[in-house]
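I opened the notebook to record what I looked up in this structure. The entries run in the order I checked things.

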Amino acid sequence: MTERELEVLNIISSAPGPMTSSGIVNQRRHLTQSTVTAILKRLLNLGYVKVTGITQSGKVNTRLYDVTDEVKEAVLEHLKHQFELCSSLVSVEEFVEAMNK
């Protein structure tokens, strides 16, 4: 999972309800509409987000996205993999201490 995918998942899961792709772009100006659309397509294919409905945005219909239950497991797996890559450099104790700061 890429940093941008995690960022989009965080934006959606932090929202009070489902979000449109333009709503995601408005949360992070450095993300373009085409980037968010590509990320959402990938996250949909992975089963990490779902389309929960359609809403009117101006004169066009747009999808509403929300995270799935599988996303938590995927994020934990991603963190586990990242930690395994760094485990020769940082001990578990050092990691826990850094997280508590």
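The entries below go from the overall fold to single residues.

**Entry: overall make-up.** I note at the start that this is a predicted model. I went through the secondary structure of the protein chain and found five helices and two strands. I then wrote down their order from the N terminus: α-α-α-β-β-α-α. The radius of gyration came next. For the protein chain it is 16 Å, while the globule rule gives 13 Å for 101 residues; the value is well over the rule, so the chain is more spread out than a compact globule. I also took the extent of the C-alpha trace along its principal axes, which is about 55 × 25 × 25 Å.

**Entry: burial and contact range.** I looked up how much of the protein chain is buried. Buried residues are 27% of the 101 residues. For contact range, I took contacts between residues at least 6 apart in sequence. Of these, 40% join residues at least 24 apart.

**Entry: α1 against α3.** How do helix α1 and helix α3 pack, at what angle and how far apart are their axes? I read an angle of about 85 degrees, with the axes 10 Å apart, for α1 (residues 3-14) and α3 (residues 33-46). Angles of 65 to 115 degrees count as roughly perpendicular, and that makes α1 roughly perpendicular to α3. I listed the residues in the contact. From α1 they are R4, E5, V8, L9 and I12; from α3 they are T35, I39, L40, R42 and L43. I sorted this contact by class and got six nonpolar residues, one polar and three charged.

**Entry: the strands.** I moved on to strand β1 (residues 49-57) and strand β2 (residues 60-67). They run antiparallel, and eight bridges join them. I54 stands opposite R63 in β2. S57 stands opposite V60 in β2. The two strands form a hairpin, and I find two residues between them. I checked the turn as well: G58 has a positive phi there, of about 70 degrees.

**Entry: S13.** I located S13 in helix α1. Is S13 buried, partly exposed or exposed? Its relative accessibility is 44%, so I log S13 as partly exposed. I also took its separation from R42, a residue of α3 in the contact with α1. S13 and R42 lie 29 residues apart in sequence, and their C-alpha atoms are 17 Å apart in space.

**Entry: V90.** Where does V90 sit? I found V90 in the loop between α4 (70-86) and α5 (92-99). With 31% relative accessibility, V90 counts as partly exposed. I set aside its neighbours within four places in sequence and looked for other contacts. V90 is in contact with F83 and F95. V90 and I39 are 51 residues apart in sequence and 31 Å apart in space, C-alpha to C-alpha.

Key: Residues are numbered from 1 along each chain as its sequence is written. This is a predicted model: local features need pLDDT of at least 70, side-chain atom pairs count only at pLDDT 80 or more; totals for chains, interfaces and linings use all residues. Side-chain values use heavy atoms; hydrogens and water are left out. Axes are lines fitted to C-alpha atoms, for helices over the stretch in contact, and angles run from 0 to 180 degrees between N-to-C directions. Helices (H or I, at least four residues) and strands (E, at least two) are DSSP runs, numbered from the N terminus. Angles under 35 degrees count as roughly parallel, over 145 as roughly antiparallel, 65 to 115 as roughly perpendicular and the rest as oblique. Contact means heavy atoms within 4.5 Å. Ala, Val, Leu, Ile, Met, Phe, Trp, Tyr, Cys and Pro count as nonpolar, Asp, Glu, Lys and Arg as charged, and the others, Gly among them, as polar. Two strands pair if DSSP finds at least two bridges between them. The radius of gyration is taken over C-alpha atoms; the globule rule is 2.2 Å times the number of residues to the power 0.38. Buried means under 20% relative accessible area, exposed over 50%, partly exposed in between (1.4 Å probe, protein chains only).
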